[in-house]
Structure formats: structure tokens, C-alpha cells
Amino acid sequence: MSNATLSSYNPATGEFVGDVPVTPVSEIPAVVAHARTACSKWGALSHAQRKELLLPFGERLRDQQEELAALLTAEMGKPLSDALGEVKRASKPFAEYLDEIEAALATEMIEDKYVRSEVSCEPYGVCVAISPWNFPLYMPHWMVIPALMAGNAVILKPSEETPLIAQAYVDILQDLLPDGVVTIVHGDEEQGKALVSSHVDLISFTGSREAGKHIMAAAAKGLKRVILELGGKDPLVVLEDADLEKAAEYATFNGFRNAGQVCVSTERVYVDSALYEDFLVQLQKNVEKLVVGNGADEGVTIGPLIHEKQREHVVAQINNAVEQGATVVGDLHAYSERFLAPLVVTGVSHDMDIMRQETFGPVLCVMPFDSVDQAIELANDTPFGLGAAVYGRDVQRATEVAKQIDAGMVGVNQGVYGAKGCPWVGAKESGIGFHSGPRGHRQFAQVKVISLPK
Ligand code: NAD
């Protein structure tokens, strides 16, 4: 991006929300050099010292949660209550979150008869965090905070669709931390590419599979560390003994929240053929209760898609499926501009792109199956492997099915979110490396072993 400024527009109204200066690509080496200078002092602090400096951040987020949520909705479109939930998710358990990271990074002593070793987590140096627009505050947060706690200086490159909320987030952090420890670079993939190929040590990326592949290839030249959290095509398998209402409720919630623009959205539902018709009836009842509109308006549950290009992608995938024999339940043309009605698509098959490639819109494809083996095979028939869910009253059997699904996170009679401390992890082309929980936090640090004879 070579413009001087990056303007942000409300996806629901088209109104101008604000702008930020674009970082010229020619300035990126100087930005990285500044971060490198800052990280020598920052990295020399103890985890406890870094935690103390970061601790007020949670309260600052809490103090500003209403205005941050309003900005998030204006810039990204999600319902205001969801935006507030996103800010709260970052701010509420913040002290506990820092404690969890500190514990994960603590030095460990390992010894045998002959040797005593100290295993520590050291900073990598400069970490670039590149984030998407769908959770424009939380996605930066889950990369920036563990990277900082590990002693890295962080350069955040937020999505060009949501620069203002990322700027507001970084403004608060910069107020609390020494100069150069956190920097923001604004721009699009041009700035992202320049950062990846600059003198940085770790690239933490959350975004599309396509961009992730480019980043991995570019990083390979310098064997730079990468953590890639990428797209998904999550299945839900509804077994014959499932609680139909609960399964349909989950499909509705997880298929349409954030207008389906969630990496772990349920995009495909495989239903035992004995339940198929009843499931569709229940699903349709739920879908009729959803309200499409401006996320800032009371009662709206589905906001706009982020931009016209995203809507075009979703509509093209549906049209392509219809040409191959699928049926749309709902009105594809009910709304214009960036809005789409929540849609259920039936009569689908795995020859269609819509069953194997990410949609990222308010669309649920539903397909019957005749045997559990067939359901597992269909669930696994995609290059992605982020999340999945299985519903069935016989929990042991449902868990056996969950074990056979090639995904990083599988919920049984619930969504993919694990207990506190679990990692957020994708399989197959949904990612390399992962975040969250002690195992995830350690990925932001260089593990080092110092050994002495006993
Ligand atoms: P995107 O890949 O288009 O962009 C993400 C970020 O990468 C932006 O900041 C963009 O400017 C930058 N970028 C794009 N190409 C780049 C390149 N070649 N080099 C460096 N930087 C580059 O993704 P998006 O449209 O912003 O977000 C939606 C995608 O993110 C979906 O595929 C979704 O599933 C995925 N996502 C995954 C997770 C997860 O946890 N796995 C979470 C949220 C979103």
C-alpha cells in the first residue's frame, strides 16, 4: 500500500470512521532496528518485571471497554454485544492470563546422575504479529501479550480493514511500556511482506491459509520462526442419538455468529439420515429468529460482511453449488451491499467447493449420512483441520468419532473451546505452531538448555 493514509469505513453504513498514516515500506527497516534496540533492555527484565509493567493494561482496557466496543462495531460490523464480549475477553482475566504466561515460561531444572540442566525460555528478539480483521482486538492480543511476556519487542501489523481498533489497542500499551517495545505498522500485504522479509526473528500470523503459505515460504529463506493460525472448514457431525434441539442450536450459533466470519465457524453439518429432515426443520426455526442489520442497532444478531469482495466470494461459492445441484433455503437476494441473510444450503456434495474450501459467511451446508464411517470420511475431506464438533447422547461413542476427525480441536456436545489453559491449535493446512495455554505461550520463546556436570 503506497497511499499516505489508510481510511476506515463502517461496513454497515459505508460511513467514514477515521484514518491512520500508512507506514511507507522504505521505513520498515528503521522500525525494525528501533524495535531491536528496545528489545535488548526489555528482554533483560525478568518475567515478573515485565508482568508488573503489563498488569495495568487489563484495567485500562476495562476503563475504555464501551468506547473500544463501539469503535470495533463501527469499523468491523459485528453486533455491539459481541464487540463488548471481545474486549472483555481480553481485559477481564488479564492478571490471571499474565500469571499463566509467567508460569509457562518459568525456568525448569532437570537432572540425572551426572548432569544438572537449566531449561529456560529466552526472548527471540523482534516478533512481528500480523493480524486479521474478524476479531480485530482479540487476535492482536493473543499474539502481542505472550510475545511481550517472553521478552520480545513486538511490531503489530493489523489488518488494513480494521486499523483504528488496533491503533487504540497499541496506544494503551505504548503508554505503559518503554519506547520501541511495541510498534504498529499500518498498511496491507505489501507492508506485511516487507516485515516478513526484514530482519525479524519470529513471525506470528493469524489469517488466511493463502497468506500463511506465502509467509512460510518467505520466512524459510532466513529460517525465521513462524507461528501460523490459519483458516478452517469446520464440520459438525450429528449422530443418530443426538439431542436434536441442542445440535441445531449449536449449529445456528456457531454457523452464523459474526456473520460466519469466524475461523472455527461451523460451515458443514453432517446429519444421520434418520434425523436429517427433523434437523432441517429445527434449524430453520432457529434461523428465522436471527436479525440482520447494523451491528450498532439493538437486537441485531448478524451484521454485515466485512467488504463487498467477501460477499462476492460467498455468493459465488453458493451459485457454483446451485449450478451443481444444491438448493438454498433462504433468500440469497434478500439484502444488498455488504449484507446477506443467514442461509442453509442442502443437496450438497463433496464435488462442490462449498464443502471443502472456506466460505467465511453466514452459510450452513447440511448433508445426510448413512453410516458413521461415511460421516467421518466426509468430515475429513478438506485440506483444513481447525475445529469440529460431534453431537450424540452416547458420549463414549461420540468421543470415539471425535478422535477420528482430523482437527486440532473437537468439541463433544459443545463447541471447540477447551478448558482454561488449553491450546488453540489447528491441524493439516489450518496452521503450523499454535497459541494459548502453557504450550502455546512457550512458542513465543527460544528454549535454551544450560548444563553442568554434577
Ligand atoms: P488475510 O490473510 O487476508 O490477512 C491477514 C493479515 O495478513 C492482514 O493484516 C494482511 O494485510 C496480511 N497479509 C496478507 N497477505 C500477506 C502476505 N503475503 N504477507 C504478509 N502479510 C500478509 O486474512 P483476513 O481476510 O484478514 O482474515 C480472515 C482469515 O483469517 C480467514 O481465513 C480466517 O479463517 C483466518 N483466521 C484464523 C484464525 C485462527 O485462529 N486459526 C483466527 C482468525 C482468523
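View 1. The model is predicted; local features need pLDDT of at least 70 and side-chain atom pairs count only at pLDDT 80 or more, whereas totals for chains, interfaces and linings use all residues. Residues are numbered from 1 along each chain as its sequence is written, and side-chain values use heavy atoms, with hydrogens and water left out. Strand β1 covers residues 5-9 and strand β2 residues 16-21, and the two pair in the antiparallel sense over five bridges. Strands pair if DSSP finds at least two bridges between them; strands (E, at least two residues) and helices (H or I, at least four) are DSSP runs, numbered from the N terminus. Together β1 and β2 form a hairpin with six residues between them. In the turn, Gly 14 has a positive phi of about 80°.

**View 2. Three strands form an open antiparallel sheet in the order β3-β4-β20.** The edges are held by β3 (108-111) and β20 (445-453), each with a single partner strand, so one side of each has no neighbour in the sheet. Neighbouring strands are turned by 25° against each other on average, direction ignored. Strand β4 (residues 115-123) pairs with β3 in the antiparallel sense over four bridges. Glu 111 has Arg 116 in β4 as its bridge partner. Strands of a sheet pair through backbone hydrogen bonds, either parallel or antiparallel.

**View 3. Helix α2 (residues 47-54) packs with helix α3 (residues 56-63).** The angle is about 20° and the axes are 5 Å apart; axes are lines fitted to C-alpha atoms over the stretch in contact, and angles run from 0 to 180 degrees between N-to-C directions. That angle makes α2 roughly parallel to α3, a term for angles under 35 degrees. Glu 52, Leu 53 and Leu 54 of α2 make the contact with Pro 56, Phe 57 and Gly 58 of α3, where contact means heavy atoms within 4.5 Å.

View 4. An N or O atom in the side chain of Ser 208 is 2.6 Å from an oxygen atom of the ligand. The backbone also takes part: a polar backbone atom of Ser 131 is 2.9 Å from a ligand oxygen atom, and a backbone N or O atom of Gly 207 lies 3.4 Å from one. A polar contact is a pair of N or O atoms within 3.5 Å.

Conventions. Parallel < 35°, antiparallel > 145°, perpendicular 65-115°, else oblique. Polar contact = N/O pair within 3.5 Å; in protein donor to acceptor, adjacent residues only side chain to side chain.
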